[in-house]
Amino acid sequence: SRADKENIEDLSAAEALAAVLALEPVSFNYKAERGEDYVGFVAEDVPALLAVGDGKSLSSMDIIAALTRVVQEQQRRIEALEAKLEPR
């Protein structure tokens with residue numbers, strides 16, 4: 001909620017894109033949970049923008065926010081390019 005937050009600023013498209021491009025998706029299993037495979041990220045390899053606390057964890061909501069900004073910017077660019085291609 002806005003009531004619980006402060007210092008709210010827009011995430012720049014350039015910052016979000018840099019973070020998303022730096023992500024390295026991997027497949028893995030947890031040492032304590034053999035036989036179950038997952039896909040995701042290694043927290044220590046995640047860009048600082050998306051890392052949480054000591055960098056040993058991450059928040060999927062942070063990744064979703066960055067991805068959302070990237071998609072919004074890509075959509076804006078697609079629409080601008082489509083407008084240039086429309087016959088007059």
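**View 1. Asparagine 7, in the segment before H1.** Asparagine 7 lies in the segment that comes before helix H1, where helices (DSSP runs of H or I, at least four residues) and strands (DSSP runs of E, at least two) are numbered from the N terminus. This is a predicted model, in which local features need pLDDT of at least 70 and side-chain atom pairs count only at pLDDT 80 or more, while totals for chains, interfaces and linings use all residues. Residues are numbered from 1 along each chain as its sequence is written, and side-chain values use heavy atoms, with hydrogens and water left out. The phi angle of asparagine 7 is near 55°, a positive value in a residue other than glycine. Most residues other than glycine have a negative phi, and most peptide bonds are trans. Asparagine 7 is exposed because its relative accessible area is 67%, given that buried means under 20% relative accessible area, exposed means over 50%, and partly exposed is in between (1.4 Å probe, protein chains only).

**View 2. The protein chain as a whole, with two helices and four strands.** Read from the N terminus on, the elements of the protein chain follow the order α-β-β-β-β-α. The radius of gyration of the protein chain is 17 Å, well over the 12 Å that the globule rule gives for 88 residues, so the chain is more spread out than a compact globule; here the radius is taken over C-alpha atoms, and the rule is 2.2 Å times the number of residues to the power 0.38. Taken along the principal axes, the box filled by the C-alpha atoms of the protein chain is roughly 65 × 35 × 20 Å. Of the 88 residues of the protein chain, 16% count as buried.

**View 3. The aromatic cluster formed by Phe28, Tyr30 and Tyr38.** The structure holds three aromatic pairs. Phenylalanine 28 and tyrosine 30 form an edge-to-face pair, with 5.2 Å centre to centre and 90° between the planes. Rings of Phe, Tyr and Trp (its six-membered ring) pair if their centres lie within 6.5 Å, and planes under 30 degrees apart count as stacked, over 60 as edge-to-face and the rest as tilted. At 24% relative accessibility, phenylalanine 28 counts as partly exposed, and tyrosine 30, at 44%, also counts as partly exposed. Phenylalanine 28 and tyrosine 38 form a stacked pair, at 5.8 Å centre to centre with 25° between the planes. Because phenylalanine 28 lies in strand S1 (residues 26-28) and tyrosine 38 in strand S2 (residues 38-40), this pair ties together parts that are ten residues apart in sequence. Tyrosine 38 counts as partly exposed, with a relative accessibility of 29%.

**View 4. Lysine 56, in the loop between strand S3 (51-52) and S4.** At 56% relative accessibility, lysine 56 counts as exposed. If its neighbours within four places in sequence are left aside, lysine 56 is in contact with Ala43 and Glu44, where contact means heavy atoms within 4.5 Å. Lysine 56 and alanine 19 are 37 residues apart along the chain, and their C-alpha atoms are separated by 17 Å.

**View 5. Helix H2 and its buried residues, Ile63, Ala66, Val70 and Glu73.** What covers the buried residues of H2 includes helix H1 (13-22) and strand S4 (57-58). An α-helix has 3.6 residues a turn, so residues three or four places apart point the same way. At 1.5 Å a residue, the 26 residues of H2 should span 38 Å, and the end C-alpha atoms of H2 are 37 Å apart, which agrees; the expected span is 1.5 Å times one less than the number of residues in the helix.

**View 6. Glutamate 73 and isoleucine 78, with glutamate 73 in helix H2 and isoleucine 78 also in H2 (residues 60-85).** At 19% relative accessibility, glutamate 73 counts as buried, whereas isoleucine 78, at 39% relative accessibility, counts as partly exposed. The side chain of glutamate 73 makes a polar contact with the side chain of arginine 76 (2.6 Å). A polar contact is a pair of N or O atoms within 3.5 Å; within protein, one must be able to donate a hydrogen and the other to accept it, and residues adjacent in sequence count only if both atoms are side-chain atoms. Isoleucine 78 and serine 60 are 18 residues apart in sequence and 26 Å apart in space, C-alpha to C-alpha.
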